Amino acid sequence: MTNRETPESIVSNLDERSLLIKQQRQTISELETPVIQVWDGILAAPIVGGLDTARAQQLNESLLERVVASGSEIVILDITGVPVVDTSVAKHLLETVTAARLLGAEVLIVGLSPRTALTLVHLGLDLSGVTTRATMARGLQLAFARLGLEVVRRNGLAGLPPGADGLSV
Amino acid sequence: MGAVPIIRLGTTLIATVQEDMRDGDALALQNDLVVLLDRSDINGVLLDVSVLSMVDSFLARMINDIASLVKLMGAHTVLVGIQPAVAITLVELGMELRGVRTALTPERGLALIQRLSAAENGQRRDGH
C-alpha cells in the first residue's frame with residue numbers, strides 16, 4: 001500500500017522537524033556549557049568540544065549572569081576537553097577573561113596541555129593578562145588562595161569513614 | 001540626567017553615574033571630583049555604573065579620564081556594577097578599560113580600595 005504524502009503534510013513535517021532541531025540545538029548548547037558553583041565565590045565552567053563564536057557568546061552570557069547572580073569573584077575555565085586551541089579559540093577565551101574582569105571577577109584557565117601552551121606561544125598571542133594552571137586541582141588551589149581560604153587536614157583523625165555524612169555529631 | 005551625586009565615605013568618594021550622561025555632565029563630574037579630591041585626603045573613588053545599560057566610547061573615555069585623574073592624585077579608582085551585556089559589548093568593541101580596577105559589588109569595591117591604600121602605605125592587615 002502506498003502512502004503518499006500531500007504537499008501540506010510534507011510542509012507540516014518539515015516545520016515540526018526544524019522546530020525539533022532547533023529545540024535540540026538549544027538543549028545541546030545548554031548541556032555543553034554548564035556553569036558549576038564549586039565553592040562559595042568560585043564558579044567552574046568545563047568546556048568540551050570546539051569553541052566557535054556562537055558557543056563563545058553563549059558561554060559568556062551564561063557565565064557572566066552567574067557571576068553576578070552568585071557574587072562569585074573567581075571563574076575556573078577548564079579547557080581540558082577542547083581538542084584544538086587555535087587563534088580563534090584563544091581570542092574567544094581572552095574575551096571571556098576580559099568581560100569577566102570588567103564585572104570584577106577573575107578567570108583562571110586550566111586544562112592547558114603543554115602542547116597547546118607551545119602552540120599559543122608560537123601564535124604570538126599576548127596572554128600576559130591571563131592566569132593559567134595545568135589542572136583543575138591547581139586552579140582550585142589558586143582560587144582558594146585568592147579568597148584567603150586554606151584546606152587543612154584535621155588533627156588526629158584520618159578523616160570521615162566512608163558512609164559518614166559529616167552532618168550529625 | 002544632570003549632576004552625578006558624589007558621596008564621601010571616610011577617605012573614599014562614591015560617584016553614582018546616572019543614565020543619559022551628556023558631555024556637560026561628564027565634565028561637571030570631573031570638575032566636582034577635582035574639587036573634592038583637593039578638599040580632603042581621598043584614597044579612592046568608587047564609580048558605580050550599575051544603572052547604565054550601555055557604555056559607548058564617550059562614556060568609556062570619561063571613565064578612563066577619571067581613572068587617570070584619580071591616579072595622578074595618588075588615589076585608586078574602582079568601577080562597580082558593569083552589567084554582563086555591557087561587558088560583552090565593551091569587549092566586542094575593544095574598549096577594555098585597562099588600568100581601571102573593577103569589583104563585583106560596592107562593598108568589595110570599598111574593601112579593595114582599602115586594601116590597595118593599606119598596601120601602599122606599608123601597613124599589613126591580618127587576613128589580607
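Colleague: How many salt bridges does the rule find across the interface of chain A and chain B?

Modeller: This is a predicted model, in which local features need pLDDT of at least 70, side-chain atom pairs count only at pLDDT 80 or more, and totals for chains, interfaces and linings use all residues. Residues are numbered from 1 along each chain as its sequence is written, chains are lettered from A and ligands numbered from 1 in the order written, and side-chain values use heavy atoms, without hydrogens and water. A salt bridge is a side-chain nitrogen of Lys or Arg within 4 Å of a carboxyl oxygen of Asp or Glu. Across the interface of chain A and chain B, the number found is 1.

Colleague: Which side chains meet in a salt bridge at 3.1 Å, N to O?

Modeller: Over all chains the count comes to 3 salt bridges. One partner lies in helix 4 of chain B and the other in the loop between helix 2 and strand 3 (74–81) of chain A, so the pair joins two chains; helices (H or I, at least four residues) and strands (E, at least two) are DSSP runs numbered from the N terminus. The side chains are those of Arg108(B) and Glu73(A).

Colleague: What is the area buried between chain A and chain B?

Modeller: Buried area is the accessible area (1.4 Å probe) that two parts lose on being put together, summed over both. Carbon and sulfur atoms give 64% of the area here. The total is about 1400 Å².

Colleague: Which residues of chain A lose the most area to chain B?

Modeller: The contact (heavy atoms within 4.5 Å) takes 17 residues from chain A and 16 residues from chain B. Three residues of chain A together account for 41% of what that side buries. They are Arg101(A), Leu102(A) and Leu103(A).

Colleague: Which element gives the largest share of the lining of the largest pocket?

Modeller: On a 1 Å grid over the protein atoms alone, a pocket is an open set of points where a 1.4 Å probe fits, with protein on both sides within 12 Å along at least five of seven lines; lining residues have an atom within 4 Å of a point. About 1400 Å³ of space lies in the largest pocket, the volume being that filled by probe spheres set on the points, which are joined across faces, edges and corners. The largest share of its lining, 6 residues, comes from helix 3 of chain A.
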